[in-house]
Amino acid sequence: MKNKLWIVLLPLLFVSCRGEKKMAQYSEVYQERPATIYIAPLVDHSERRAVRTIEDSLYNASVNIATKQLFLTASDPLVFNGYYVPGPLASAQLAATESRTVKQLRNENINDYYTELGIDAILFITVNKWSSTHNSWTVEVEYALRSARTGSEVMHAVVKATKMLHSDFKGKPKPLGADLDFAAKYGCDLETAQRCRLVETLNQFVLKDLPSGSRARPVSIERYVPTHAEYFNMQINPDGSVMVVPDDEEL
C-alpha cells in the first residue's frame, strides 16, 4: 500500500519542485488560519458603451449581469474550501451599515471587523476590463485577501481570463452544451451565458487555490502542491478545459 501511495505522490512532488509551492505563496494564510471571510462589495472599473444602438444596451446589460455573477459565485469555492462566508443578504446588510468606502477598507484599519464581528479576513474583487471578439470573451480581475486581524494582504492575484469557442463556417461561435443549458436555466442570451460561465470558472480556479479552511479536512501534501503565479493569464478552451500561461506570454 505504501508503494502505491508513493507512486501517486511522487509525480505531484516532482511538479511542485518546478513552481512555487502553496506554503510559500500563502505563508501568511497558513500562519493566521482564517475561518471567516467576508466578501466586500465588488469594485467595477470596466467601461460601458455609450448607448447609441440596441446592441450597446445589450452589451452593457450583459456585462452588468456577468459582473454580478462574479460577485455572487465568489463564495462557492471558499465554502468548498472550508471557510465560513456570510451570505449575500448578510453581506448586503453589513455593507449598508459601513460608513467607509471599499477603498478605505482596502487600505485603512479594519481590525474592528475581527474584534466586533468575528471576521478574520476580507476579500476584495475588482473588475478592470471586459473585452470580446466574435468567438471569445475576456475579463481582467484583481483579487486581494486582507487580514482583519493584522491588516496585511495575505493573498493577491491579477488575472486575465478568456473563454473561447469554435466557430462554424459562417464565423458564428458554436456554444457548448453547458453554455446552452446555462442560458436556458437563467433565461439569458448566449453572450451573457459565456461571460457568466467565464467568471464562475475564474472564481473556482483562483479561490479554490487558497489553503483549506478550518472546516475542511486537512491534507498534509497540500502545502507542497504548486500554485499559480500572482499575475497570470487563464484561457478556457473550446472543449471546456483550462490552460494557464505566464502573464508575459501570449494566450
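Leaving aside its neighbours within four places in sequence, Arg 149 is in contact with Glu 32, Arg 33, Pro 34, Asn 111, Tyr 114 and Asp 120. The model is predicted. A search of the whole structure gives two cavities of 30 Å³ or more, and the number of disulfides is zero.

- Arg 149 sits in the loop between β4 (136-147) and β5 (153-164).
- With a relative accessibility of 31%, Arg 149 counts as partly exposed.
- One of the contacts of Arg 149 is Asp 120; the two residues are 29 apart in sequence, while their C-alpha atoms are 6.3 Å apart in space.
- Glu 32, Arg 33 and Pro 34 are also among the contacts of Arg 149, and two of these names, Arg 33 and Pro 34, return in the lining of the second largest cavity.

**Largest cavity**

- The largest cavity holds about 70 Å³ of space.
- Its lining consists of Ile 39, Phe 71, Leu 72, Ser 75, Val 85, Pro 86, Gly 87, Pro 88 and Ser 91.
- Two elements, α4 (54-72) and α6 (88-96), each give two or more residues to the lining of the largest cavity.
- Sorted by class, the lining of the largest cavity has six nonpolar residues, three polar ones and no charged ones.

**Second largest cavity**

- Val 29, Arg 33, Pro 34, Tyr 83, Ser 212, Gly 213 and Ser 214 make up the lining of the second largest cavity.
- By class, the lining of the second largest cavity divides into three nonpolar, three polar and one charged residue.

**Cysteines**

- A disulfide is a covalent bond between the sulfur atoms of two cysteines.
- The structure has zero disulfides, and Cys 188 is in none; the nearest cysteine sulfur to that of Cys 188 belongs to Cys 196, 5.7 Å away.
- Seen from Cys 196, the closest cysteine sulfur is that of Cys 188, and the 5.7 Å between them is too far for a bond, because a disulfide needs the two sulfur atoms within 2.5 Å.
- Cys 188 has a relative accessible area of 18% and therefore counts as buried, the cut-off being under 20%.
- Cys 196 is buried as well, with a relative accessible area of 2%.

Methods. Residues numbered from 1 in each chain as written. Predicted model: local features only at pLDDT ≥ 70, side-chain atom pairs only at ≥ 80, totals over all residues. Heavy atoms only, no water. 1 Å grid on protein atoms, 1.4 Å probe; cavity = no way out; pocket = protein on both sides within 12 Å on 5 of 7 lines; lining within 4 Å. Points joined across faces, edges and corners; volume = space filled by probe spheres on them. Helix = DSSP H or I, 4+ residues; strand = E, 2+ residues; numbered from the N terminus. Nonpolar A, V, L, I, M, F, W, Y, C, P; charged D, E, K, R; others polar. Buried < 20%, exposed > 50% of the residue type's maximum accessible area, 1.4 Å probe, protein only. Contact = heavy atoms within 4.5 Å.
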